[in-house]
Amino acid sequence: METSHVHALQRKHEGLDKRLREEMNRPSPDSAKIQALKKQKLRIKEEIALH
């Protein structure tokens with residue numbers, strides 16, 4: 001059973017994924033921003049896996 005916390009984490013993960021795709025599609029993507037977004041996504045994915 002999914003808790004509201006896990007559901008919120010999944011929505012946040014999806015939002016980060018969208019921001020990551022947008023940044024990567026820019027003419028001059030910011031590699032530091034891409035790395036930061038990927039790290040945030042990984043942290044959230046790990047937290048979801050714990051629940």
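This is a predicted model: local features need pLDDT of at least 70, side-chain atom pairs count only at pLDDT 80 or more; totals for chains, interfaces and linings use all residues.
Side chains of opposite charge can pair when their charged atoms come close. In this model, five salt bridges were counted. One of them links parts of the chain that are 24 residues apart in sequence: D17 belongs to helix 1, which spans residues 4-24, and K41 belongs to helix 2, which spans residues 31-50, so this pair ties the two parts together. The contact between the side chains of D17 and K41 has an N to O distance of 2.8 Å. K41 has a relative accessibility of 16%, and because buried means under 20%, K41 is classed as buried.

The closest N and O atoms of E22 and K18 are 3.3 Å apart. These two residues stand four residues apart in helix 1, so about one helical turn separates them. Both ends of this pair are partly exposed: the relative accessible area of E22 is 43%, and the relative accessibility of K18 is 48%.

The side chains of E23 and R26 also form a salt bridge, with an N to O distance of 2.8 Å. E23 has a relative accessibility of 4% and so counts as buried, whereas R26, at 40%, counts as partly exposed. Apart from this pair, salt bridges with shared partners join D17, R21 and K41 into one network. The network thus includes D17, which lies in helix 1, and K41, which lies in helix 2.

Another residue of helix 2 is K45. In sequence, K45 is 32 residues away from H13, while in space the C-alpha atoms of K45 and H13 are 7.3 Å apart.

E23 and K41 are buried.

Methods
Residues are numbered from 1 along each chain as its sequence is written. Side-chain values use heavy atoms; hydrogens and water are left out. A salt bridge is a side-chain nitrogen of Lys or Arg within 4 Å of a carboxyl oxygen of Asp or Glu. Buried means under 20% relative accessible area, exposed over 50%, partly exposed in between (1.4 Å probe, protein chains only).
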